[in-house]
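Biologist: Please show me the sequence and the model. Then we can go through some questions one at a time.

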Amino acid sequence: MVCGASGKDGVIDRYEDFAAAAGSVLRQIRTGRSLSLRQVTVRSGGRFKPSSIASYERGERQISLERLFALADVYGVAAERIVAAIAHRLEAHRGQGRAANGGGRDVAVFDQFGRDAVPRR
């Protein structure tokens, strides 16, 4: 992913967008499976520390593709579904920016992890 411009024009850095979207999706999956941070650590054989998982979920830390795939295995979710959910979140975020500028459209984002479709603008 290419880093976007950041500064006085108000454009958010795309790396930050990705970290926030990935974190949101990862937290949704973990909590949807009723797993605590410590339980994920145990399930992963200690590969994922609670502080690392929490940092990913808060969007403070980028997760590598390799670790994303490993975490997907721990959660029992196909990594492709996680990547698709992150892409949907990013698109929804970009769509909100367009909507603020008068160019948005209504879309329904299907929650791939067990909840109902959520209308977004």
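Modeller: A salt bridge is a side-chain nitrogen of Lys or Arg within 4 Å of a carboxyl oxygen of Asp or Glu. This is a predicted model, in which local features need pLDDT of at least 70 and side-chain atom pairs count only at pLDDT 80 or more, while totals for chains, interfaces and linings use all residues. Residues are numbered from 1 along each chain as its sequence is written, and side-chain values use heavy atoms, with hydrogens and water left out.

Biologist: What pLDDT does the chain average?

Modeller: pLDDT is the predictor's confidence in each residue, from 0 to 100. Over residues 1-12 it stays under 50, and pLDDT is also under 50 over residues 115-121. Where pLDDT is low, the predicted coordinates should not be read in detail. A score of at least 70 is reached by 66% of the residues, and the chain averages a pLDDT of 79.

Biologist: How many salt bridges are found in the whole structure?

Modeller: Side chains of opposite charge can pair when their charged atoms come close. A search of the whole structure gives a total of four.

Biologist: Is Glu-57 buried or exposed?

Modeller: Buried means under 20% relative accessible area, exposed over 50%, and partly exposed in between (1.4 Å probe, protein chains only). Arg-27, at 36%, is partly exposed. Glu-57 has a relative accessible area of 7%, so Glu-57 is buried.

Biologist: Which residues does Ala-21 touch, not counting those up to four places away in sequence?

Modeller: Ala-21 lies in helix α1, residues 14-32, and is buried at 7% relative accessibility. Contact means heavy atoms within 4.5 Å. With residues up to four places away in sequence left out, Ala-21 touches Ile-86, Arg-89 and Leu-90.

Biologist: Where is Val-83 found?

Modeller: Val-83 is partly exposed, with a relative accessible area of 38%. Residues 79-100 make up the helix that holds Val-83, and that helix is α5.

Definitions and conventions. Helix = DSSP H or I, 4+ residues; strand = E, 2+ residues; numbered from the N terminus.
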